[in-house]
Amino acid sequence: MEPDTSAVTIQPCKNCGTQAPVDVHFCPRCDRILTLGRHGDYFTFFGLPRRLRVDEADLDQRFRALSRQFHPDYFYNASSTERLASLERSSYLNDGFRTLREPVDRIEYLLKLEGFEPKGAHEATAQVPPELLEEVFELNEQLEAIQQMRADGASEAEVAAALEAARRPIQASLDDHERQLNLLMAQHDAEWERGDAAGRRQTLEALRAQLMQRTYLTNLLATVRRELGGDQAARL
């Protein structure tokens, strides 16, 4: 298992000066709430390892427990420093919960933590697989044909059928990407467990590429939905 180096980072208690680990919320000496340090992250804040598969029930339980501990009502008569700390921690807690409970947001967050920033538009386009670009070109051709159908007086049912035919292969590709994403998440966590840093970095790179392709596919589906519009788009 890889060591959690963030656990050794310390933060000073503003009440008594005790140096506390960044992964604790209350001073171990005076029990006052600690101001939010700059070196933590959402995983550390929730007491979770940097793994991509999260037990949602456990995450929810941790969120509720921390919400109660940081609630501003408990600090109504406390010092201004403690009141500010409770507000900061409550806000950070909510942001962290929203990020960690969504798998894609969780992946993107971990990628940034590990230094895998999203690629620029030019670099990203250069790394899109040819088969995916082919899908983009094919969809554009289909949409042009559908627009011509409309111009020629085709019925809404005919247009909807053509759009649905255009949507199906893209949805199938997106479903396949979701399966690949889940496999990579499991692979990352296994590498994290056995301390395989080199393998983990390769997997994080693969996850970044997978997310980039996923964005292309979701944009394609959004294009089809816009063409459908109204109730038909809402059903997809």
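The pLDDT is the predictor's confidence in each residue, on a scale from 0 to 100. The structure on display is a predicted model, and the tour therefore opens by colouring the chain by pLDDT, the predictor's confidence.

**The whole chain**

Across the protein chain the mean pLDDT is 87, and 89% of the residues reach 70 or more. Select helix α2 (residues 56-70), where confidence is highest, at a mean of 97. Then select helix α9 (residues 230-235), where it is lowest, at a mean of 54. Where pLDDT is low, the predicted coordinates should not be read in detail.

The protein chain contains 9 helices and 2 strands. Read from the N terminus, the order of elements is β-β-α-α-α-α-α-α-α-α-α. Of the 236 residues in the chain, 37% are buried.

**Asp-31**

Select Asp-31, in the loop between β2 (19-21) and α1.

**Salt bridges**

Side chains of opposite charge can pair when their charged atoms come close. The model holds 16 salt bridges, and the next stops visit several of them.

Show the side chains of Glu-193 and Arg-51, which form a salt bridge with an N to O distance of 2.0 Å. Glu-193 is partly exposed, at 32% relative accessibility. Arg-51 is also partly exposed, at 27%.

Remain on helix α7 and select Arg-168 together with Glu-164. How far apart are these two residues in helix α7? They are 4 residues apart, so about one helical turn separates them. Arg-168 is partly exposed, with a relative accessible area of 49%, and Glu-164 is partly exposed at 23%.

Move on to Arg-194 and Asp-196, whose side chains form a salt bridge at 3.8 Å, N to O. Is Arg-194 buried or exposed? Arg-194 is exposed, with a relative accessible area of 55%. Asp-196 is partly exposed, at 26%.

To finish this section, select Asp-41, Arg-50, Glu-114 and Arg-200 at once. These four residues are linked in a network of salt bridges.

Where is Glu-102 found? Glu-102 sits in the loop between α3 (80-101) and α4 (103-113). Glu-102 is partly exposed, with a relative accessible area of 38%.

**Two C-alpha distances**

Select Tyr-76, in the loop between α2 and α3. Tyr-76 is exposed, with a relative accessible area of 65%. Tyr-76 and Ser-86 are 10 residues apart along the chain, and their C-alpha atoms are separated by 9.9 Å.

The last stop is Ala-209, in helix α8 (residues 197-228). Ala-209 is partly exposed, at 24% relative accessibility; it does not count as buried because that class requires under 20%. How far apart are Ala-209 and Val-128 in space, C-alpha to C-alpha? The distance is 8.3 Å, although the two residues are 81 residues apart in sequence.

Note on methods: Residues are numbered from 1 along each chain as its sequence is written. This is a predicted model: local features need pLDDT of at least 70, side-chain atom pairs count only at pLDDT 80 or more; totals for chains, interfaces and linings use all residues. Side-chain values use heavy atoms; hydrogens and water are left out. Buried means under 20% relative accessible area, exposed over 50%, partly exposed in between (1.4 Å probe, protein chains only).
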